[in-house]
Amino acid sequence: MKLSMLLWLMSVLPQPLADQTCLATTVYLEARSQSTVGQMAVAEVAMRRRERGQWGGTVCDVVKSPHQFALTTTPLTQQIDNLTAFQKAWDIAGKSITNWDLPADERRFFVPHADHFATVSVSPAWSHNRSAVTIGDHRFYTVN
């Protein structure tokens with residue numbers, strides 16, 4: 001399935017299902033080759049941003065914010081063709097959403113306070129002088 005088709009589905013699905021689809025697609029695009037912990041950390045950053053409201057009020061708003069996640073920087077013709085990886089991303093998205101439905105003191109965190117991440121091969125300007133947690137090929141930062 002092409003990314004363009006998933007984006008269309010996100011626009012017509014009811015909100016809870018749209019949010020899981022948006023988050024699963026983001027986890028797939030950003031971290032499908034990473035460990036479960038790495039994928040959960042990517043989902044956690046998106047969920048933390050949603051909770052803070054700076055990037056939108058829904059998961060879909062957050063991950064569709066311009067230039068914030070791969071969902072807006074990946075060509076629409078990109079094939080989502082690794083169904084095993086997408087199923088794992090779907091499961092992780094569901095677990096992450098369920099985790100964030102819990103009271104804050106009951107949630108499980110993988111990258112506490114992190115609201116940004118980047119691959120280890122780059123050093124964005126916003127990452128300078130920030131402490132980071134590295135999981136797999138990503139560094140997770142607290143910027144805001």
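Biologist: Which hand does the crossing of H2 and H3 have?

Modeller: Keep in mind that this is a predicted model. In it, H3 covers residues 36-52, and its axis comes within 9 Å of the axis of H2. As for the hand of the H2 and H3 crossing, it's right-handed.

Biologist: And how are H2 and H3 set relative to each other: parallel, antiparallel, perpendicular or oblique?

Modeller: Their axes cross at roughly 130°. Roughly perpendicular stops at 115 degrees and roughly antiparallel needs over 145. The two helices are therefore oblique.

Biologist: How many nonpolar, polar and charged residues are in the contact of H2 with H3?

Modeller: On the H2 side you've got Leu23, Val27, Glu30 and Ala31. They meet Gln39, Val42, Ala43, Ala46 and Met47 in H3. Sorted by class, that contact comes to seven nonpolar, one polar and one charged.

Biologist: Over to H1, then. Where on the helix do its buried residues lie?

Modeller: H1 runs over residues 3-12, and Leu3, Leu6, Leu7 and Met10 are buried there. Looking down the H1 axis, those buried residues fall within an arc of 100°, so they line one face of the helix. For the buried residues of H1, the place is one face of the helix.

Biologist: Which helices are included in what covers the buried residues of H1?

Modeller: The residues needing cover are Leu3, Leu6, Leu7 and Met10. What covers them includes H2 (15-31) and H5 (83-101).

Biologist: Is Asn99 buried or exposed?

Modeller: Asn99 is found in H5. Leaving aside neighbours within four places in sequence, Asn99 is in contact with Arg107 and Arg108. Its relative accessible area is 13%, so Asn99 is buried.

Methods. Residues are numbered from 1 along each chain as its sequence is written. This is a predicted model: local features need pLDDT of at least 70, side-chain atom pairs count only at pLDDT 80 or more; totals for chains, interfaces and linings use all residues. Side-chain values use heavy atoms; hydrogens and water are left out. Buried means under 20% relative accessible area, exposed over 50%, partly exposed in between (1.4 Å probe, protein chains only). Helices (H or I, at least four residues) and strands (E, at least two) are DSSP runs, numbered from the N terminus. The arc is that of the directions from the helix axis to the C-beta atoms. Contact means heavy atoms within 4.5 Å. Axes are lines fitted to C-alpha atoms, for helices over the stretch in contact, and angles run from 0 to 180 degrees between N-to-C directions. Angles under 35 degrees count as roughly parallel, over 145 as roughly antiparallel, 65 to 115 as roughly perpendicular and the rest as oblique. A crossing is left-handed if the near helix is turned anticlockwise from the far one by less than a right angle, and right-handed if clockwise. Ala, Val, Leu, Ile, Met, Phe, Trp, Tyr, Cys and Pro count as nonpolar, Asp, Glu, Lys and Arg as charged, and the others, Gly among them, as polar.
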